[in-house]
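Please look over the sequence and the 3D view before going on.

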Amino acid sequence: MPGRSTVLVVDDNETKRYLLVSWLTRAGFRVLEAQNGAEALARVDIDPIDLVVLDVRLPDLSGFEVCERIKNAHPVMPVIHVSAHAVDVVDRAQGLTRGADAYLAEPIEPDELVATVNAVLRYYQARQRAEFLAERLLALADTTVAVHTASTFTRLIQEAAAGAARIFKSPAAVVVETSDGDCLAGVVTGPDADVAIVPWVVDDSGVPIGATVRVTDPAGWALLDWPVDDTVTVAAARLREDRPPLYVVVPTSTQTHRTPVLVQLAQAVAAAVEAQRSFDEEHRIAVTLQRSLLPRRIPEINGLDLAVRYEPASARTEVGGDFYELVMLDGHLLLAIGDVAGHSLHAATVMAELRHAVRAYAVEGHQPGAILHRVNELMRTLLPAELATICVVLMEPATGRVRLASAGHLPPALSLDGKVEYVQHPAPLLGVRAERPQDLEFVLPPGATLVFYTDGLIERRDATIDDGLAALAAAAAQVDDDLDRFCERLLVELAPAEIQDDVAVVALRRR
């Protein structure tokens, strides 16, 4: 528009070019000149030109061809044809068909030229604004998905900062307080740069609920080197009174009227942060509950070695209902291991009920099969929507005599003299009305080791259960002298780096 837009006038006739330049200059445009097609093509590749006024007849190239080349190289650069010779309908149609946005035949009135230039520029500037906003909204959508699927707070901050840099094509910073109370900032120098995570403290006093935007001195946000002679625009989003706000900081020169995209970005990141905080809190409660309900110590028993490893699922995964029990009752070792279906705080509470039920029925003197029968009746009565697997063992330490009952649990591995076999005892899950087999009885030989485990140790999304059992058999063929080290090695060799499901391992060796 006048005072801001640059127009290139292309005409080999010096007098006509002078008139066109004069009219446009008086109208407030910045005007550049070219005498032929080659010069015009060179200038549009170098100078910041908003519109081209192009004569149809040039000494070196046809104006129609010059227009086509400009449009191929710069699709959003408008072109207006002017001509004193090619003025019939065929010429006008050819000019418009080959890319021109308007066609003026001489004699041309100054007001007509200026009005046409303004009209064409208005259309293109509106189109550019729409495309500019659409590009930002697309990047905003991608960033929203990325922050909501981030696995950790650190990853969330990185995705938010990288997204802000891509959306605004500028440096950016995102400041968030984690569930642990640490205030961290993700800072990035540009769209293609790596995000750095640094500690940063912000005074949150006076920040209201909702989204607010302010323009401020970059010295107060010296997280990185902001553009010279520019301020920063800070969007703060706070969803709850008892939660700290988060901040998205970008150069003010990147912002449009009312900063709609910046506000939406801050709100989207705030929603993702709130979800992450809520999940972290529930996960922390569930893990604390699990650990508080598991045995506090392993009994010391003459003639037996015992070791346990329990690893809760990673922070990105809901906690599960894995549990184990090791306790001496009337000269017998009660060993139980189980897994409640599902992953949630609710699964952990169900796990607690089952573990206490198993202990209670064992204290009454029931054998493993009777214990599982009673636990199953309890589940079907009080927890009818729940399912669980469990393996219960009663063992005489002195003789090695074992009595075992299972309810759909994975078979324990028996390792002896470098060979591993699985102790099979197929039976329906807890929570299912079905006939159950008799208890399995056998004697554990001296030097033999039984390995009990939950499915998190061997199950993989990219492998079958048979593959997992084979891997466990290979790893358990040699049992370390130190049983604790043996259990640790099983986790290192078999469990993934990021545990998706709780893992419980109990090893029992008869000396």
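This is a predicted model: local features need pLDDT of at least 70, side-chain atom pairs count only at pLDDT 80 or more; totals for chains, interfaces and linings use all residues.

Residues are numbered from 1 along each chain as its sequence is written, and side-chain values use heavy atoms, with hydrogens and water left out.

**Salt bridges**

- A salt bridge here is a side-chain nitrogen of Lys or Arg within 4 Å of a carboxyl oxygen of Asp or Glu, and by this rule the count is 27.
- One of them joins K71 and D101, at 2.9 Å from N to O. This pair links distant parts of the chain, 30 residues apart: K71 is in helix α3 (residues 63-73), and D101 is in the loop between α4 (89-97) and β5 (102-105).
- Helices (H or I, at least four residues) and strands (E, at least two) are DSSP runs, numbered from the N terminus.
- K71 counts as buried at 14% relative accessibility, whereas D101, at 27%, counts as partly exposed. Buried means under 20% relative accessible area, exposed over 50%, and partly exposed in between (1.4 Å probe, protein chains only).
- R240 and E274 form another salt bridge, with their closest N and O atoms 3.0 Å apart. Because R240 lies in the loop between β10 (232-238) and β11 (246-251) and E274 in helix α7 (residues 260-293), the pair ties together parts 34 residues apart in sequence.
- R240 is partly exposed, with a relative accessible area of 34%, and E274 is buried, at 12%.
- A network of salt bridges links R240, D242, R243, E274 and R277.
- D484 and R309 also meet through their side chains in a salt bridge (3.7 Å, N to O). D484 belongs to helix α11 (residues 483-494) and R309 to strand β12 (residues 304-311), so this pair ties together parts 175 residues apart in sequence.

**Sheet and helix**

- Six strands form an open sheet in the order β8-β7-β6-β11-β10-β9, with antiparallel pairing; two strands pair if DSSP finds at least two bridges between them.
- β8 (196-199) and β9 (210-216) are at the edges with a single partner strand each, so one side of each has no neighbour in the sheet.
- From one strand to the next, the twist averages 20°.
- β10 and β11 run antiparallel and are joined by six bridges; T233 has V250 in β11 as its bridge partner.
- Helix α6 (residues 153-168) lies across β6 (172-177), β7 (183-188), β8 and β11, at about 150° to β6. Contact means heavy atoms within 4.5 Å; axes are lines fitted to C-alpha atoms, for helices over the stretch in contact, and angles run from 0 to 180 degrees between N-to-C directions.
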